Amino acid sequence: AWAVAYLQTTIETDRIAHATLMTGPAEIGKRHLALEYAAALLCRNETVRPCGACRDCAEALAGGHADLSLVEPDNGRIKIDQVRQIQHELSLRPHSGRWRVCIVTDFETTTTQAANALLKLLEEPPPYAVLLLIALDPGLLLPTIVSRCRLLPLRPVPTQEIAQALEDRYQVE
């Protein structure tokens with residue numbers, strides 16, 4: 001809840017970081033949170049973002065928005081060609097909104113060559129680019145990458161909180 005509130009505050013106060021590093025154990029929802037944040041950034045609803053009802057939200061949550069790139073390891077690694085594609089896509093102006101967003105999952109699998117190539121983008125990002133990196137632990141990454149990102153260390157959601165959310169969602173009594 002604190003991470004969601006924090007990210008919502010960044011949107012409300014228009015203090016969007018050009019690069020955010022989301023870290024934490026496997027399977028705790030880092031990718032889902034990144035997609036929700038991307039949807040909120042790309043949503044054009046002025047009152048609630050993400051609204052969940054507009055075309056931008058639906059496309060972003062499905063990973064298919066024109067201003068959203070989703071990069072995952074290729075044969076177990078994030079490679080330099082993928083980073084070059086990220087650089088190219090984030091150099092383009094947004095298609096329909098204010099931001100171009102790129103989510104990179106399993107960033108700890110990035111080759112050294114690819115990580116070094118990404119440094120230039122982190123040092124001189126376009127003003128409309130938002131890069132969301134997802135990794136298990138910042139200690140697995142180059143310190144120069146970590147130092148150029150807003151760090152968002154995530155923890156597993158307590159079991160009781162998950163149970164309550166499921167009960168509320170499905171009206172279980």
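Student: How many disulfides does the structure hold?
Tutor: This is a predicted model, in which local features need pLDDT of at least 70, side-chain atom pairs count only at pLDDT 80 or more, and totals for chains, interfaces and linings use all residues. Residues are numbered from 1 along each chain as its sequence is written, and side-chain values use heavy atoms, with hydrogens and water left out. A disulfide is a pair of cysteine sulfur atoms within 2.5 Å; the number of disulfides in the structure is zero.

Student: Which cysteine holds the sulfur closest to that of Cys51?
Tutor: Cys51 is partly exposed, at a relative accessible area of 26% (buried is under 20%, exposed over 50%, partly exposed in between, with a 1.4 Å probe and protein chains only). Its closest cysteine sulfur is 3.6 Å away, too far for a bond, and belongs to Cys54.

Student: How far is the nearest cysteine sulfur from Cys102?
Tutor: Cys102 counts as buried, with 1% relative accessibility. Cys102 is in no disulfide, and the sulfur of Cys149, the nearest, lies at a distance of 12 Å.

Student: What radius of gyration does the chain have?
Tutor: The radius is taken over C-alpha atoms, and the globule rule is 2.2 Å times the number of residues to the power 0.38. For 173 residues, a compact globule would have a value near 16 Å; the chain agrees, at 16 Å.

Student: What share of the residues of the chain counts as buried?
Tutor: The C-alpha trace spans about 55 × 35 × 30 Å along its principal axes. Of the 173 residues in the chain, the buried share is 42%.
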